[in-house]
Amino acid sequence: MLICVYDTANEAEILKAKIAQVATATYRKIACRVCRRYESFVNECKKADLIVVLANGANGMEGVIAVKNTDKNKPVIWLSDDEGFGVQSYRLGCTYFHKKPIPVERLRDALIKCGCSV
């Protein structure tokens, strides 16, 4: 499974460590590709099985919109510093939304909801 992470907040390493904690199904390879620039994210998200948006504020919302414009059925986990974007995440069709930081238990729930075997 390829996870594309849009991270303008430099939090991808923390997320990757948490994914490693919950990904107990060692037979299934999970790779994370981190994009810090919007343009590279838009290109890379097309290849990914799952998207995680870590960018804060309107940058995060723009990232979600870009994904959904490409493939409205692609699972998206949106982690934001502002829980006010929860309503927008619902409107945009995100699979899972949580205010940062996400606890490991909630990340496990999000990955399962997105179809990832953990």
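Modeller: Two strands are said to pair if DSSP finds at least two bridges between them. Helices (H or I, at least four residues) and strands (E, at least two) are DSSP runs, numbered from the N terminus. This is a predicted model, in which local features need pLDDT of at least 70 and side-chain atom pairs count only at pLDDT 80 or more, while totals for chains, interfaces and linings use all residues. Residues are numbered from 1 along each chain as its sequence is written, and side-chain values use heavy atoms, with hydrogens and water left out.

Biologist: In which order do the elements of the protein chain run from the N terminus on?

Modeller: The protein chain has 5 helices and 5 strands. Read from the N terminus, the order of these elements is β-α-β-α-β-α-β-α-β-α.

Biologist: Which residue in β2 stands opposite Val5?

Modeller: Strand β1 (residues 2–6) pairs with β2 in the parallel sense over 5 bridges. The residue of β2 opposite Val5 is Val34.

Biologist: How many residues of β4 are buried?

Modeller: Buried means under 20% relative accessible area, exposed over 50%, and partly exposed in between (1.4 Å probe, protein chains only). In a regular strand the side chains alternate between the two faces of the sheet. In β4, Val76, Trp78 and Ser80 point one way and Ile77 and Leu79 the other way, and all are buried. The strand is largely enclosed by the rest of the structure, because the number buried is 5 of the 5 residues.

Biologist: Which residue of β5 stands opposite Ile77?

Modeller: On one pairing of β4, 3 bridges link it in parallel to β3, and Ile51 stands opposite Val76 there. β4 and β5 also run parallel and are joined by 4 bridges. The residue opposite Ile77 in β5 is Tyr96.

Biologist: Where does Gly84 lie, and is it buried, exposed or partly exposed?

Modeller: Gly84 is placed in the loop between β4 (76–80) and α4 (86–92). Gly84 is 65 residues from Ile19 in sequence and 25 Å from Ile19 in space, C-alpha to C-alpha. With a relative accessibility of 49%, Gly84 counts as partly exposed.

Biologist: What percentage of the 118 residues of the protein chain count as buried?

Modeller: Taken along the principal axes, the C-alpha atoms of the protein chain fill a box of roughly 35 × 25 × 25 Å. Among contacts between residues at least 6 apart in sequence, 64% join residues at least 24 apart. Of the 118 residues, the share that counts as buried is 45%.

Definitions and conventions. Contact means heavy atoms within 4.5 Å.
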